[in-house]
Amino acid sequence: MAIRQLSETLINQIAAGEVIERPASAAKELIENALDAGATRIEIATSGGGKALLRVSDNGSGMDAADLELAVRRHCTSKISETLEDIRTLGFRGEALPSIGSVARLSIASRRRDSAGGHEIAVAGGKIAHLRPAAANPGTIVEVRDLFFATPARLKFLKTEKAEAGAITEIVKRMAIAFPAVRFVLSGSDRTTLEFPATGDDHLGRMAQVLGKEFRDNAIALDAVREEISLTGFAGVPTFNRGNSAHQYAFVNGRPVQDKLILSAIRGAYAETIPSGRHPVAVLSITLDPALVDVNVHPAKSDVRFRDPGLVRGLIVGAIREALARDGSRAATTGASDMLRSFRPGFQPNSQRPQTAWSAETSPSRPYQPTTGFGERPQASFDGLSMPTARAEPQFSPQPAAAEPTARYPLGAARAQIHANYIVAQTEDGLVIVDQHAAHERLVFEAMRKALHSKRLASQVLLIPEIVDIPEEDCDRLMQHAAELSELGLAIERFGPGAIAVRETPAMLGEVDAHGLIRQLADEIAEWDTASGLSAKLEYVAATMACHGSVRSGRRLRPEEMNALLREMEVTPGSGQCNHGRPTYIELKLSDIERLFGRS
C-alpha cells in the first residue's frame, strides 16, 4: 500500500482525539487561552453538558484580524518561540482551536483594546470560513456548538449531560483556585449559576469559595523550600477529610495538574493519620525553574515530569508532616457540628426514641464495667476521688508552689471520666471530650516512631542469606539505597550482576518474605527513586504495637493521670487523631452549648 499525505482536516481530527477528549477538555483549553491573554473576568456558559454549546468570554488582550486567521491553524501560537525549556504560559502547542474546529462548529469573535472594531472567524468540521468584521467588546468570545458532530463515533463514548457538566465545573474550580485574582462565572441552561468573585492575593479566601468555608478554619499553611523548588499552599487537618481524593488540588508553576507523584506524596504525608477509605483535603502549589519540569508529556498538559522526582516528593511529604506536627493536632471544627446534630433537645416520647439503645456489649469502646445508672450506690465509688485540677507545680520543690492564676491549656483541666473511657475537660471557653484509648494510642505510637528514626533499628541475622534474582538495573538502584536500608535493619549485598543477597532483616517485622520485600522496594525505587515502603511497613508494625500497649477502654483513671494525658497530648504531634485516623477528642465551645439550650 502506497504512503500518502493525510489531508489537513484528517490531521486535525486525529490531533483532536488526543487534545479534546470531552467537553471539559475543550473548556480547559479555552479558559487557558483566556488566562494567557491576561483576562481578569472569564464567563463560561454551557448547554447539554457542553456538547450542544460551550461559550467562553473574556476581557483579555484580544486578537486582530491577522491573529484570528492564524489562530485556527495548527501549530500557530504566540506563547513560545524556539525552545520548550522556558514555558511560562498555560498553552503552548497551538493545537486547541484547530482541533476543536475540526470536530465542532467553532466561531471566534475578538477585538483588541486599541482597535476601533472587532473581527470574527468560523470553522465547521475543519472548513474555515472567510474572516469578517464584527461588533465586539475588547476581549474574545469563543463559541463551540455541536461538539463531535464531525466525528459521531466519539459521541458514543461521552457520559450523560449531567456528568459532562460536572466535569466542566471541576475544571473551572481548579482554574479558580490557581488564579484568585480572576473572576469566574459558570452558567447555562443545564446548571445552576456558579460564581467565584476575585479575591486578589487572598488565596485562602478563594479556596474557601471552592472547598467550602470550613476549609478556612481547618487548613494549615504550607511554606517550604528545598534547593530550587518552593512549595506553598494549605493542608487540611487530618480529621477534616473526605470520601475521595477530588478535594486534592495541585499546581506546578500555576498550571493545574493531576500528577500521580504529587498525589502519592500527599498520601504518604498523611500516613497513619487518616482513616482507611478517607482522603485528606489539600491545595499545593509548586514553583520551580521551568527547565526542571517537562510539561510537554501529554497533549492534555495535565501530566508533568520532574527532573528530580525524589526531591519533589520529599519536599511535599516533609512540608506537610512538619505542618501537621506544628498545628495538626487540633480537632476539625466540623466535629462539633456533627456532635450538635446528634443531640435532640428535650424529652423524646417512646415512639421517637431510637430503636436500639446504647449498651456496653455493643459499643465499640466496650467498657469493662457496664454503667448501671446514676443512683447513690453506683456514684458512691467516686466519693474518694479528689477534684481534678490543671495546676502545674514543681514536682521536687521543698515548699508547695503558690497558687497560680487559672492555667490556660488548650485541652483544659480534667473534670470527670465517664463510662470508663471518655475524659471530660473544661477549657477556657468550652469543654473537650477525649477518647482515652485513642489518645494514648497516638502518644505511644509517636514515641515509638521517634525511636524508629533516632537510631539504627535492631535486625535479625539470617542463618542462610536469601538470594533474590532481579534485573541488573534494579540491583543497581537498590545498592544506591543500601545505606538507607541498613539504617532500617535491612542489610543487602550485591550477589553477581542480577541478584541481591539479603543478610539481615528488621527484627520488628518478624518472619519476612525477603523475595517479596526486595522486589517491592525495587519497583518503588524505579518509580519514585525512594525506598520509603520499608519505613512505612515498620511504622505500621509500630502502630499495631501502640494499639495493644495503650490505656484500654474501661480503665478508671485518677485525676492526675487524666491531666497528664491532656498535657502530653498538647505537646505531641498528630495527637488530634489516633493511628487509624479517628479523632481523639471533640471540642465544644460555650457558644455551641448555648445554642443547644436556645440561649443564643
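Arg 191 is buried, at 16% relative accessibility, where buried means under 20% relative accessible area, exposed over 50% and partly exposed in between (1.4 Å probe, protein chains only). The model is predicted: local features need pLDDT of at least 70, side-chain atom pairs count only at pLDDT 80 or more, and totals for chains, interfaces and linings use all residues. Residues are numbered from 1 along each chain as its sequence is written, and side-chain values use heavy atoms, with hydrogens and water left out. Helices (H or I, at least four residues) and strands (E, at least two) are DSSP runs, numbered from the N terminus.

**Salt bridges**

- The structure holds 24 salt bridges, each defined as a side-chain nitrogen of Lys or Arg within 4 Å of a carboxyl oxygen of Asp or Glu.
- Arg 191 pairs with Asp 190 in one of them, with the closest N and O atoms 3.9 Å apart. Asp 190 is partly exposed, with a relative accessible area of 25%.
- Another salt bridge joins Asp 476 and Arg 494, whose closest N and O atoms are 2.9 Å apart. This pair links distant parts of the chain, 18 residues apart: Asp 476 lies in helix α14 (residues 472-480) and Arg 494 in strand β23 (residues 491-494). Asp 476 is partly exposed at 33% relative accessibility, and Arg 494 is partly exposed at 32%.
- Glu 570 and Arg 567 form a salt bridge with the closest N and O atoms 2.9 Å apart. About one helical turn separates Glu 570 from Arg 567, because they are three residues apart in helix α18 (residues 559-570). Glu 570 is partly exposed, with a relative accessible area of 23%, whereas Arg 567 is buried, with 19%.

**Surface charge**

- A patch of negative charge on the surface gathers Glu 227, Glu 228, Asp 289 and Asp 308. Patches are made of residues with over 30% relative accessible area and no salt bridge; like charges are joined within 9 Å, and nonpolar side chains (Val, Leu, Ile, Met, Phe, Trp, Tyr) within 5 Å.
- For the charges, Lys and Arg count as positive and Asp and Glu as negative, while His and the chain ends are not counted.
- Glu 227 sits in the loop between β10 (219-226) and β11 (229-236). Glu 227 is exposed, with a relative accessible area of 66%.

**Positive phi**

- Most residues other than glycine have a negative phi.
- Phe 148 has a positive phi, near 70°, and lies in the loop between β7 (139-145) and α5 (152-155).
- Asn 253 also has a positive phi, near 50°. Its place is the loop between β13 (248-252) and β14 (255-257), where Asn 253 is partly exposed, with a relative accessible area of 33%.

**Buried residues and their contacts**

- Phe 148 is buried, at 1% relative accessibility. Not counting residues up to four places away in sequence, Phe 148 touches Ile 20, Glu 21, Arg 22, Val 103, Ala 104, Arg 154, Leu 155 and Leu 158; contact means heavy atoms within 4.5 Å.
- Phe 148 and Ile 100, 48 residues apart in sequence, are 8.5 Å apart in space, C-alpha to C-alpha.
- Thr 427 belongs to strand β20 (residues 422-427) and is buried at 8% relative accessibility.
- Neighbours within four places in sequence aside, Thr 427 is in contact with Pro 410, Leu 411, Gly 412, Val 432 and Glu 587.

How values were computed. Areas by Shrake-Rupley, 256 points an atom, 1.4 Å probe, with all protein chains shown as cover. Charge placed at Lys NZ, Arg CZ, Asp CG, Glu CD.
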